[in-house]
Amino acid sequence: MDKERIDEALELLWLLHEEDHHSLNRFRLSSEDNDVDAITLAMRAEGLVVIHEDTIQFTDKGFALARGLIRRLRLAERLFTDVFEMPDDTVITDACKMEHILSEELTDSVCTFLGHPPTCPHGKPIPRGECCKKYKVEVEPVVTRLSEFEVGSKGRIVFIVPKESSRLSKLNSLGITAGSIVRLLQRSPSCVLQIDETTIAIDPEIAKEIYVKKAM
Ligand SMILES: [Zn+2]
Ligand SMILES: [Zn+2]
C-alpha cells in the first residue's frame with residue numbers, strides 16, 4: 001500500500017480527532033482517497049488503528065506516526081509562511097509534500113530555527129518535539145518572542161498566540177498585528193515598543209505571546 005496514501009489517511013484521522021470526531025463513517029466520508037476502505041484495512045493490518053463498531057481510534061503506533069506527520073506539516077507551513085512569506089495556497093501544496101520527506105533531525109532543526117512555534121498559521125497546535133522540551137537558545141532562532149527580543153532592534157510581527165482570544169482584537173486595535181514592524185524600546189518593568197510614530201507599553205506577559213522576526 002502506498003505510504004503517502006496511508007500518511008494522508010493518518011493526517012485526516014488526526015484532524016477529525018482534534019475536532020472530537022471518532023466515527024468511522026465520518027472518516028470514510030471525509031477521505032479523498034479513491035479507495036478509502038482499502039486504506040482503512042491497510043491501516044488496521046499495519047496496527048495503526050483499531051476499529052470498533054462505528055469508531056476508529058489510533059493505536060499507540062498510529063498515534064505516534066500521525067503526530068509526527070502533523071508536526072512536520074504544520075512546521076513546514078510556518079516555515080513557508082513566516083520565513084519565505086509564500087502565499088497561502090502554495091504553502092498548503094508544498095507543506096503537504098514536506099511532511100513526507102523531513103527527517104526527525106531536520107524537523108527539530110526547523111522547529112528550533114522558528115523558535116518552537118506553538119501553532120501553525122491556521123492556529124492549530126503543533127505537536128511538541130524533543131527540541132521544544134530542552135528549549136535552549138543555542139542557535140539563534142529567526143523568530144523569537146518579543147519578550148526575548150533585543151532592545152533597540154526592529155522586527156516584523158509574524159504571529160500572535162494570545163492566551164485569551166479577546167486579547168487579539170485589543171492588540172489589533174493598537175496596531176500590534178501580524179505584519180507590523182516594531183522596534184523594542186524597553187523590556188521591563190513594562191514592555192515598550194514603537195510602531196510607526198506611536199509608542200505603546202504592554203504587559204511583559206503579553207510580550208511573550210508576540211512572535212517577531214528580526215528585520216534585516
Ligand atoms: Zn495549518
Ligand atoms: Zn521545538
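Two residues are in contact if their C-beta atoms, placed from the backbone, lie within 7 Å. The model is predicted: local features need pLDDT of at least 70, side-chain atom pairs count only at pLDDT 80 or more, and totals for chains, interfaces and linings use all residues. Residues are numbered from 1 along each chain as its sequence is written, while chains are lettered from A and ligands numbered from 1 in the order in which they are written.

**Exercise 1. Describe how H1 packs on H3.**

Step 1. Locate the elements. Helices (H or I, at least four residues) and strands (E, at least two) are DSSP runs, numbered from the N terminus. Helix H1 covers residues 3-18. Helix H3 covers residues 36-45.

Step 2. List the contacts. Arg5, Ile6 and Ala9 of H1 meet Ile39, Ala42 and Met43 of H3.

Step 3. Sort them by class. Ala, Val, Leu, Ile, Met, Phe, Trp, Tyr, Cys and Pro count as nonpolar, Asp, Glu, Lys and Arg as charged, and the others, Gly among them, as polar. The H1 contact with H3 holds five nonpolar residues, no polar and one charged.

Step 4. Take the geometry. Axes are lines fitted to C-alpha atoms, for helices over the stretch in contact, and angles run from 0 to 180 degrees between N-to-C directions. H1 and H3 pack at about 90°, with axes 10 Å apart.

Step 5. Name the arrangement. Angles under 35 degrees count as roughly parallel, over 145 as roughly antiparallel, 65 to 115 as roughly perpendicular and the rest as oblique. H1 and H3 are therefore roughly perpendicular.

**Exercise 2. Classify Glu4 and Leu114: buried or exposed?**

Step 1. Set the rule. A residue is buried if 20 or more other C-beta atoms lie within 10 Å of its own, exposed if 12 or fewer, and partly exposed in between, with C-beta atoms placed from the backbone.

Step 2. Glu4 sits in helix H1. Glu4 is exposed because 12 other C-beta atoms lie within 10 Å. Its C-alpha atom is 18 Å from that of Leu16, 12 residues apart along the chain.

Step 3. Leu114 lies in the loop between helix H6 (104-113) and helix H7 (130-133). Leu114 has 21 C-beta neighbours inside 10 Å, so it counts as buried. The C-alpha atoms of Leu114 and Leu65 are separated by 22 Å.

**Exercise 3. Summarise the chain and its confidence.**

Step 1. The chain has nine helices and eight strands. Of its 216 residues, 30% count as buried. The C-alpha trace spans about 60 × 35 × 30 Å along its principal axes.

Step 2. Read the confidence. pLDDT is the predictor's confidence in each residue, from 0 to 100. The chain averages 87, and 91% of the residues score at least 70. Confidence is lowest in helix H5 (residues 88-101), at a mean of 69. It is highest in strand E2 (residues 55-58), at 97.

Step 3. The domains are 3-58, 64-133 and 143-214, with bounds from an automatic or database domain assignment. Six residues of domain 2 are in contact with six of domain 3.
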